[in-house]
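Here is a short briefing on one protein model. Look at the sequence and the structure first, then read the points below.

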Amino acid sequence: MGDYTFRSFPLPDHPGQYFSLFAFSWQLDPATPMWVYATNPTARRRVDFWHKVFPKQFRDSTIRLEDMTSIAS
């Protein structure tokens with residue numbers, strides 16, 4: 001995604017299959033293109049895949065702080 005790359009891992013109990021976990025940074029535009037790369041010693045291939053990003057607002061809240069000097073040790 002953009003300038004980020006994520007490696008793949010062998011899928012347990014499925015020889016020859018791999019999976020990858022990736023994180024979409026909050027700093028990236030939701031329209032940032034994503035690709036899957038496959039490589040071997042002689043070639044590298046890039047393909048698009050279907051994806052949809054759902055931008056969400058981070059929740060915010062106020063934490064009430066109390067004066068801790070009045071609490072006995």
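Strands β3 and β4 make a hairpin, and two residues lie between them. The model is a predicted one.

**The hairpin**

- Strand β3 covers residues 35-40 and strand β4 covers residues 43-48.
- The two strands are antiparallel to each other, and six bridges join them.
- One of the bridge pairs is Asn40 with Ala43, the latter in β4.
- How many of the six residues of β4 are buried? The count is zero, so β4 is hardly covered, where buried means under 20% relative accessible area.
- In general, the side chains of a regular strand point by turns to one face of the sheet and to the other.

**Thr32, a buried loop residue**

- Thr32 sits in the loop that runs between β2 (18-19) and β3.
- Is Thr32 buried or exposed? Its relative accessible area is 10%, and because buried means under 20%, Thr32 counts as buried.
- Which residues does Thr32 touch, if neighbours within four places in sequence are left aside? The contacts of Thr32 are then Met1, Gly2, Phe24 and His51.
- Thr32 and Val53 are separated by 21 residues in sequence, and their C-alpha atoms are 9.6 Å apart in space.

**The overall fold**

- The protein has four strands and zero helices.
- Read from the N terminus, the order of elements is β-β-β-β.
- The radius of gyration is 22 Å, whereas the globule rule gives 11 Å for 73 residues, so the protein is more spread out than a compact globule.
- The C-alpha trace spans about 70 × 30 × 20 Å along the principal axes of the protein.
- Among contacts with a separation of 6 or more, 19% are between residues 24 or more positions apart.

**Surface and charge**

- What share of the 73 residues counts as buried? The share is 7%, and Thr32 is one of the buried residues.
- The protein carries 8 positive and 7 negative charges.
- The mean position of the positive charges and that of the negative charges lie 11 Å apart.

Terms used:
Residues numbered from 1 in each chain as written. Predicted model: local features only at pLDDT ≥ 70, side-chain atom pairs only at ≥ 80, totals over all residues. Heavy atoms only, no water. Rg over C-alpha atoms; globule rule 2.2 N^0.38 Å. Buried < 20%, exposed > 50% of the residue type's maximum accessible area, 1.4 Å probe, protein only. Contact = heavy atoms within 4.5 Å. Lys, Arg positive; Asp, Glu negative; His and termini not counted. Charge placed at Lys NZ, Arg CZ, Asp CG, Glu CD. Pairing = 2+ DSSP bridges.
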